[in-house]
Amino acid sequence: MVAQKFTVDLDKPLVFQVGHLGERYQEWVHQPIVSKEGPRFFESDFWEFLTLTVWWAIPTIWLPVVGWFISVSVRMGHTFPQIALMVGFGIFVWTLVEYILHRFLFHIETKSYWGNTIHYLLHGCHHKHPMDGLRLVFPPAAAAILCIPFWHLIKLLATPSTTPALFGGGLLGYVMYDVTHYYLHHGQPTNQVPKNLKKYHLNHHFRIQNKGFGITSAFWDRVFGTLPQTKAAEKAR
């Protein structure tokens, strides 16, 4: 007697189902469902609530934190040009962190029960339901936990007076990334630059999901050779 393959029931909480897909999880999670209504994750209302974040919570919560960290370096004697340079460098480093996380962590291939489950919570849910507006930005509680190792890493590499401004710049880069990411999915840009960026990102979701890992720009995709081919180039092959 041949056992039937596991099928995900979209009408039930998904998180503890997806692990059962095993090796078929990668194929399933990269077949997007285009709907603004997101799925339910957990039976528990408490845990379900923790997965939902409105986009404006990100700048509301984190911009005052950014300002505080930058002010610490100001109070420690740094001039405005020095602060601007450190903040700018922090933003630049964030763009690399953004690329590395997206390419190597968010798109890691999993097939075990817990590997699939964790991947779905981390990023798979976004590829399965790319228009779910309440699970598009990173929950602040999870972001706060991830800030701790980044703070200690910068503290190890920088001086006591430059660490706060560098960290503030990196955090500002994260805020810019998260609100940009939301806008690329739900905004209607009229200018050419955001239009191209939206097209570039939606191409990653709906056409070539193993290329185009940059969100705020395609810079690191160019550097590391993960720039997706255009449709015209594909047809010419």
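**What share of the 237 residues of the protein counts as buried?**

Solution. Buried means under 20% relative accessible area, exposed means over 50%, and partly exposed lies in between (1.4 Å probe, protein chains only). By that cut-off, 44% of the 237 residues count as buried.

Ground rules. This is a predicted model: local features need pLDDT of at least 70, side-chain atom pairs count only at pLDDT 80 or more, and totals for chains, interfaces and linings use all residues. Residues are numbered from 1 along each chain as its sequence is written, and side-chain values use heavy atoms, with hydrogens and water left out.

**Exercise 1. Describe the overall build of the protein.**

Step 1. Helices (H or I, at least four residues) and strands (E, at least two) are DSSP runs, numbered from the N terminus. The protein has 10 helices and zero strands. Read from the N terminus, the order is α-α-α-α-α-α-α-α-α-α.

Step 2. The C-alpha trace spans about 75 × 50 × 35 Å along its principal axes.

Step 3. Contact means heavy atoms within 4.5 Å. Take the contacts with a separation of 6 or more: residues 24 or more positions apart account for 68% of them.

**Exercise 2. Work out how α4 and α7 pack.**

Step 1. Axes are lines fitted to C-alpha atoms, for helices over the stretch in contact, and angles run from 0 to 180 degrees between N-to-C directions. The axes of α4 and α7 come within 7 Å and cross at roughly 50°.

Step 2. Angles under 35 degrees count as roughly parallel, over 145 as roughly antiparallel, 65 to 115 as roughly perpendicular and the rest as oblique. α4 and α7 are therefore oblique to each other.

Step 3. A crossing is left-handed if the near helix is turned anticlockwise from the far one by less than a right angle, and right-handed if clockwise. α4 passes α7 in a right-handed crossing.

Step 4. On the α4 side, the contact is made by Ile83, Met86, Val87, Phe89, Gly90, Ile91, Trp94 and Glu98. α7 supplies Ala165, Leu166, Gly169, Gly170, Leu172, Gly173, Tyr174, Met176 and Tyr177.

Step 5. Ala, Val, Leu, Ile, Met, Phe, Trp, Tyr, Cys and Pro count as nonpolar, Asp, Glu, Lys and Arg as charged, and the others, Gly among them, as polar. The α4 contact with α7 divides into 12 nonpolar, four polar and one charged residues.

**Exercise 3. Do the analysis for α6 and α7.**

Step 1. α6 covers residues 140-157 and α7 covers residues 163-186. They pack at an angle of about 140°, with their axes 10 Å apart. That makes α6 oblique to α7.

Step 2. The crossing of α6 and α7 is right-handed.

Step 3. α6 contributes Ala143, Cys147, Phe150, Trp151, Ile154 and Lys155 to the contact. From α7 come Thr163, Pro164, Leu166, Phe167, Leu171 and Tyr174. By class, these residues are 10 nonpolar, one polar and one charged.

**Exercise 4. Is Leu105 buried or partly exposed?**

Step 1. Leu105 lies in α4 (residues 80-105). At 37% relative accessibility, Leu105 counts as partly exposed.

Step 2. Leaving aside neighbours within four places in sequence, Leu105 is in contact with Ile100, His119 and Leu122. Leu105 and His119 are 14 residues apart in sequence and 8.6 Å apart in space, C-alpha to C-alpha.

**Exercise 5. How many disulfides does the structure hold?**

Step 1. A disulfide is a pair of cysteine sulfur atoms within 2.5 Å. The structure holds zero.

Step 2. For Cys125, the closest cysteine sulfur is in Cys147, 20 Å away and too far for a bond.

Step 3. Cys125 is buried, with a relative accessible area of 9%. Cys147 counts as buried too, at 15% relative accessibility.
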